[in-house]
Amino acid sequence: MCELLGMSANVPTDICFSFSGLLERGGNTGPHRDGWGITFYEGKGCRTFKDPLPSCESEIAKLVRAYPIKSCSVISHIRQGNRGRTCLENTHPFTRELWGKEITYAHNGQLSNYQDLKPEFYRPVGNTDSELAFCWLLDKVREKYPNKPNSMLTVFRYIAKLAHTLREKGVFNMLLTDGVYVLAYCTNNLHWITRRAPFGKATLIDADLIVDFQKETTPNDIVTVIATRPLTNDEQWHQMAPGESVIFKLGEIQ
């Protein structure tokens with residue numbers, strides 16, 4: 001299985017601490033050696049870094065870990081491939097345009113009997129069940145909303161309902177964002193934590209790294225981190241239930 005990492009914050013925040021723990025799971029403390037990727041949103045645009053190499057060995061991953069890119073919305077993924085070969089086009093996250101917005105998605109799990117997922121407008125570039133499911137989701141959104149609705153929150157709630165259909169086909173843990181809202185959908189394994197004042201210290205499980213968030217934040221900061229498995233061993237993470245979805249905006253549940 002792959003692993004997911006996401007962030008929703010009310011101020012531009014770097015994800016270096018959490019990403020440092022995740023990339024160790026990509027071939028060092030975990031078996032996810034089939035590539036990794038991360039997407040940061042900045043205004044209306046986003047920047048993505050991907051590499052089909054294991055994240056623990058990737059020079060690009062080391063660059064991202066050391067370079068504090070600040071963003072309010074981030075999605076990252078480390079891959080343990082089960083559908084499709086190990087290559088750049090099969091590396092998450094995947095991004096598509098919808099109503100002039102960049103939509104980014106990453107999936108953890110494996111689907112079966114998905115031959116009836118036949119998107120027409122959005123087409124996969126690679127050959128994973130994950131990317132096919134993403135294209136199907138966006139096709140269904142365009143079908144229901146031929147024109148952009150007034151509220152993107154409505155769209156995200158509809159995507160969460162569509163995710164139930166994909167969950168019936170196997171394991172479907174998902175993160176999806178438009179740079180404003182971040183949707184987390186759980187089939188069997190997804191956790192989140194919201195950090196706000198008073199901030200404390202946290203210790204990574206997978207790396208010898210401790211951070212004192214009080215020294216790195218202001219009293220008004222709100223930062224939510226979503227991960228397949230908790231990344232720290234001295235904080236209280238919320239475990240999502242099967243079939244549960246949570247939508248965040250600026251770090252807060254909507």
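1. Start at Lys201. Beyond residues up to four places away in sequence, Lys201 touches Ile210, Val211, Asp212 and Asp234. Contact here means heavy atoms within 4.5 Å. Lys201 counts as exposed because its relative accessibility is 57%; the cut-offs are over 50% for exposed, under 20% for buried and partly exposed in between, with a 1.4 Å probe and protein chains only.

2. A word on the source. This is a predicted model, in which local features need pLDDT of at least 70, side-chain atom pairs count only at pLDDT 80 or more, and totals for chains, interfaces and linings use all residues. Residues are numbered from 1 along each chain as its sequence is written, and side-chain values use heavy atoms, without hydrogens and water.

3. Lys201 sits in strand 10, residues 201-203. Strands are DSSP runs of E, at least two residues; helices are runs of H or I, at least four; both are numbered from the N terminus.

4. Now the largest nonpolar core. It has 35 residues, and Tyr105, Leu137, Val141, Phe172 and Met174 touch the most other members. Such a core is a set of buried Ala, Val, Leu, Ile, Met, Phe, Trp, Tyr and Cys residues joined through side-chain atoms within 4.5 Å. Helix 4 gives the largest share of this core, ten residues. Another core, of 28 residues, lies apart from it and includes Phe40 and Trp237.

5. Look at strand 9 (191-196). Strand 9 pairs with strand 12 (222-227) in the antiparallel sense over six bridges; pairing requires at least two bridges found by DSSP. Ile193 stands opposite Val225 in strand 12.
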